[in-house]
Amino acid sequence: MASSSPSSSSAVKRLSNLSNHLSPTNSNPLVKVSAQVSQALSTGLPVVALESTIISHGMPYPQNLETAKEVEAIVRDNGAIPATIAILDGVPCIGLNLEQLERLARMGKSAQKTARRDIAYVVATKRNGATTVSATMFFAAMVGIPVFVTGGIGGVHRHGEHTMDISSDLTELGRTPVAVVSAGVKSILDIPRTLEYLETQGVCVAAYKTNEFPAFFTETSGCKVPCRLDSPEECAQLIDANRKLNLGNGVLIAVPIAKEYSASGSLIESAIQQALTEAREKNITGNAETPFLLARVNEITGGASLASNIALVKNNAAIGAKISVALAQLLK
């Protein structure tokens with residue numbers, strides 16, 4: 001990171017207390033922070049981290065590129081700087097320019113889906129990696145970005161009590177102090193067990209303007225949350241308290257999808273059950289399962305689930321940016 005004035009140095013210091021084991025700085029020679037993101041962080045401006053798996057694995061080109069550009073524009077329109085994160089030719093990049101976004105969008109699934117466990121391998125072999133929630137959280141904490149927006153986090157897979165298939169997103173939330181704004185947990189997963197696992201990890205789970213945990217495509221899951229937040233300012237206060245207490249874990253802020261885009265719960269659940277059966281028959285497991293299930297659910301619902309997915313990501317981006325702005329004001 002470029003040298004800064006005393007006032008901007010104090011801004012960095014305010015943002016740097018996010019973790020006692022990861023020092024938010026651009027001193028790591030393996031990581032490249034864009035000039036815009038670097039300047040924003042050094043002056044205490046609000047920054048929102050964005051993942052890249054949704055670009056490479058979430059939808060086809062050019063829809064993925066258009067969605068990525070629209071999400072970044074929404075973040076900017078709401079007063080924050082977007083920082084899409086990916087690994088390109090072995091270099092972790094924090095903040096992508098338009099050319100890099102298009103390159104990643106055209107790569108599609110040829111980019112490696114990169115969770116925390118894959119980071120060192122992708123960097124060492126100079127591959128291209130699209131970061132999942134866990135990897136994006138790791139890099140956001142490394143450079144001092146306190147707020148991260150995504151569509152939905154991973155969780156405990158259905159029948160996870162037999163397969164032990166549990167997303168690394170959950171353990172990352174338990175050890176990395178970044179606030180994650182999402183539409184809850186993807187409804188293809190086991191939501192009650194996911195919430196139990198998050199409790200075990202000591203993660204504060206809050207819902208935005210509701211008492212019920214959202215189910216990604218739909219507003220409700222039937223699961224109550226221990227914490228309700230009704231404004232960006234309340235969210236910022238929670239994030240700030242979590243930071244000042246040095247709890248060392250993340251915060252999950254679950255935002256329900258807007259009513260007008262909420263898919264029929266029974267329609268989605270029927271499609272999920274069909275997709276799960278097909279995945280078992282084809283022996284699709286591990287990190288290949290979620291992209292397969294989401295794609296099949298979209299096909300079965302005639303595109304309704306993808307439309308809902310895009311809508312909820314945009315909604316999360318707007319709210320996440322407002323939270324980031326409120327947090328930046330609180331830290332001044």
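**A guided tour of the predicted model**

Residues are numbered from 1 along each chain as its sequence is written, and side-chain values use heavy atoms, with hydrogens and water left out.

Switch to a cartoon display, where the secondary structure comes to 14 helices and 11 strands; helices (H or I, at least four residues) and strands (E, at least two) are DSSP runs, numbered from the N terminus. Along the principal axes, the C-alpha atoms fill a box of roughly 60 × 40 × 35 Å. Of the 332 residues, 59% count as buried, a term that means under 20% relative accessible area, with exposed over 50% and partly exposed in between (1.4 Å probe, protein chains only). Among contacts (heavy atoms within 4.5 Å) between residues at least 6 apart in sequence, 74% join residues at least 24 apart.

Next, select helix H2, residues 35–42. Its buried residues include Val37, Ser38, Ala40, Leu41 and Ser42. Zoom in on Ser42, which counts as buried because its relative accessible area is 10%; its side chain reaches the backbone oxygen of Gln39 at 2.9 Å. This is a polar contact, that is, a pair of N or O atoms within 3.5 Å; within protein, one must be able to donate a hydrogen and the other to accept it, and residues adjacent in sequence count only if both atoms are side-chain atoms. Moving past the helix, H2 is followed by Gly44, whose phi is positive, near 75°.

Now go to Ile145, in the loop between helix H7 (133–143) and strand E7 (147–149). Ile145 is buried, with a relative accessible area of 0%.

The last stop is Asp190, in the loop between strand E8 (179–182) and helix H10 (191–200). Asp190 counts as buried because its relative accessibility is 13%. Leaving aside residues up to four places away in sequence, Asp190 touches Val156, His157 and Arg158.

Conventions: This is a predicted model: local features need pLDDT of at least 70, side-chain atom pairs count only at pLDDT 80 or more; totals for chains, interfaces and linings use all residues.
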